[in-house]
Amino acid sequence: MLIYDTLSGEKKLLKKTKKSLKLFVCGPTVYGDSHLGHARTQVAFDSIVRYLRSRGYRIRYLQNITDVDDKIIARAREERTHPLTLAKKFEKSYREDLKALGVTQINTFARASDFIPQIVRQARTLLKKGYAYTIEGQGIYFDIKKFKDYGKLARRSVAAAEDGVSRIDEADKKRNKGDFCVWKFVKTEPAICNLQSAIINGEPAWKSPFGWGRPGWHIEDTAITERFFGPQYDIHGGGLDLKFPHHEAEIAQQEAASGKTPFVKIWMHAGLLRINDKKMSKSFGNFISIKEFLRRDNPDAFRFLVLSHHYRSPANYSEEFSKDAKESLQTFRDLLTKLAFVVRRKRFDPAMGGVKPRIQKATQAFHEAMEDDFNTPVALAALFTFARDTNKEIWSLSGKDAKAASLFIIKTLECLGITLRPEKTPKHLEKLARRRELSRVHKHFIQADALRKKIEGLGYMVEDTPLGPLVLKMTNS
């Protein structure tokens, strides 16, 4: 199994061991409903983990939830509610969205607010080692010039890294423009000293050895991963937009705090989602929340669309691409329906063996593609080739061969998170199809044609096969 590592720019070998591989993928900042860009990243990693697990890899999959952040505080003020209450509301919304999208492989969700002691401990270590400094009344900041490898992930020099901005970096007395916040002080402290946490001027704040405040964005993730995985682990994933400065800052913090390199063995970054070939943005009028998408479109089709692009490449969502994905799924579903029809009609026919070499060839091509940095477009192409070749001789297949072909398609798609089964034709449509067949046999062609049109009006079509009439669902119905 080869996986492209963003840091080294090379594909690295992922070995299978008895121990669980430790995977962390960045979750959202929960201040509003999650959008289709989040969906692209999470569906891509869900499919990757499903495939790895199907091949016998043990994975411990961790994801953070950023529930302490300026954006959350700003919206909570607008809605006159508690920031953590607002965050829990949108965390619940996000997790509902994941379930609806079939993203089920994450083992543990970790909220930043639940790991304040770990965050404080890491901030103290950075201060003690001289990598962080205090700006009175503002916060604790990481000095990027003290960490000699800063910029190695994004391949930027420290001078170039000065162009980067973090979410909490507005301090006017920073040593370097690119320095990022580790701990942000509140402007006033509570009068009651025995409190450990409080809401101060609308901001959540916690008591710490260096003063009341709240964590910076980047340190939330490293404190969480150190708590679950230790100072080093196997794979860190996320969207490409997080590579700099967020992931760069994570490397600097964790390697500076622990003194151990590398922080992560393999860095994986999913390409960004575009809407109609444009960056998704509210200013462009093409911002789509996951909930809005699910009200009008199909999660299976979206997953297929995601898998049609390599996870590292940009993906483009449009009504046309969504339609293509639905048609592709229907192609496989129709083939499964035909194969099930063959199985029913030729149940006791012995296997002829013609389909077995094709299954072996397709299996090899599929896994070779997936084991080369999860090349899902090439892997799906192997399945399409198998489907095309099977369709050519479908009516001559034996029942056992048809069953073997069907199981191969179902199981292979399932390891990517796509569940397909043969269409179940409603009984009243089967009756109409039988009546039409009788009319055809007796050369009552006007009645037969009328029954065909009636079936089509209900969103189905009749295919006349050597084994009898088969009712199939229309693609656009």
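Colleague: Which residues in α11 meet which residues in α12?

Modeller: In this predicted model, V355, R358, I359, A362, A365, F366, A369 and M370 of α11 meet T376, V378, A379, A382, L383, F386, D389 and T390 of α12. "Meet" here is contact (heavy atoms within 4.5 Å). Residues are numbered from 1 along each chain as its sequence is written, and side-chain values use heavy atoms, without hydrogens and water. The model is predicted, so local features need pLDDT of at least 70 and side-chain atom pairs 80 or more, while totals for chains, interfaces and linings use all residues.

Colleague: Why are α11 and α12 called roughly antiparallel?

Modeller: The axes of α11 (residues 355–370) and α12 (residues 376–392) cross at roughly 170 degrees and come within 7 Å. Angles under 35 degrees are roughly parallel, over 145 roughly antiparallel, 65 to 115 roughly perpendicular, and the rest oblique. The pair α11 and α12 is therefore roughly antiparallel.

Colleague: What makes α4 roughly perpendicular to α6?

Modeller: Helix α4 (residues 116–128) and helix α6 (residues 217–229) pack at about 105 degrees, their axes 9 Å apart. That angle makes α4 roughly perpendicular to α6. On the α4 side the contact is made by Q118, I119, Q122, A123 and L126, and on the α6 side by I219, E220, T222, A223, E226 and R227. In kind, the residues of this contact divide into 5 nonpolar, 3 polar and 3 charged.

Colleague: How do you know that the span of α4 agrees with its 13 residues?

Modeller: The expected span is 1.5 Å times one less than the number of residues. For the 13 residues of α4 this gives 18 Å, and the end C-alpha atoms are 18 Å apart, which agrees. The 17 residues of α12 reach 25 Å from first C-alpha to last, close to the 24 Å expected.

Colleague: Which residues of α12 are buried?

Modeller: T376, A379, L380, A382, L383, F386, A387 and T390 are the buried residues of α12. Buried means under 20% relative accessible area, exposed over 50%, and partly exposed in between (1.4 Å probe, protein chains only). In α4, the buried residues are I116, Q118, I119, V120, Q122, A123 and L126.

Colleague: How do you know that the buried residues of α12 line one face of the helix?

Modeller: Looking down the axis of α12, the buried residues fall within an arc of 150 degrees, so they line one face. They pack against α9 (299–307), α10 (319–345), α11 and α13 (399–414).

Colleague: Why does P28 count as buried?

Modeller: P28 has 3% relative accessibility, so it counts as buried. P28 sits in the loop between β3 (21–25) and α1 (36–54). Leaving out residues up to four places away in sequence, P28 touches S34, H38, Q63, N64, I65, T66 and Y94. From P28 to E91 the separation is 63 residues in sequence and 8.5 Å in space, C-alpha to C-alpha.

Colleague: Why does G417 count as buried?

Modeller: At 14% relative accessibility, G417 counts as buried. G417 is in the loop between α13 and α14 (427–441). Not counting residues up to four places away in sequence, G417 touches R50 and R303.

Colleague: Does D277 count as buried or exposed, and why is it put there?

Modeller: The relative accessibility of D277 is 53%, so D277 counts as exposed. D277 is in the loop between β14 (273–275) and β15 (278–279), and it has a positive phi of about 65 degrees although it is not a glycine.

Colleague: Where is F374 found?

Modeller: F374 is in the loop between α11 and α12. F374 is not a glycine, yet its phi is positive, about 55 degrees. With a relative accessible area of 1%, F374 is buried.

Colleague: What makes the peptide bond from F244 to P245 worth a note?

Modeller: The bond from F244 to P245 is cis, with omega near 5 degrees. Most residues other than glycine have a negative phi, and most peptide bonds are trans. P245 is in helix α7 (residues 243–258). The bond from T261 to P262 is cis, with omega near 0 degrees, and P262 lies in the loop between α7 and β13 (264–270).

Colleague: How many helices and strands does the protein have?

Modeller: The protein has 15 helices and 18 strands. Helices (H or I, at least four residues) and strands (E, at least two) are DSSP runs, numbered from the N terminus. Of the 477 residues in the protein, 54% are buried.

Definitions and conventions. Axes fitted to C-alpha atoms, helices over the stretch in contact; angles between N-to-C directions. Arc of directions from axis to C-beta. Nonpolar A, V, L, I, M, F, W, Y, C, P; charged D, E, K, R; others polar.
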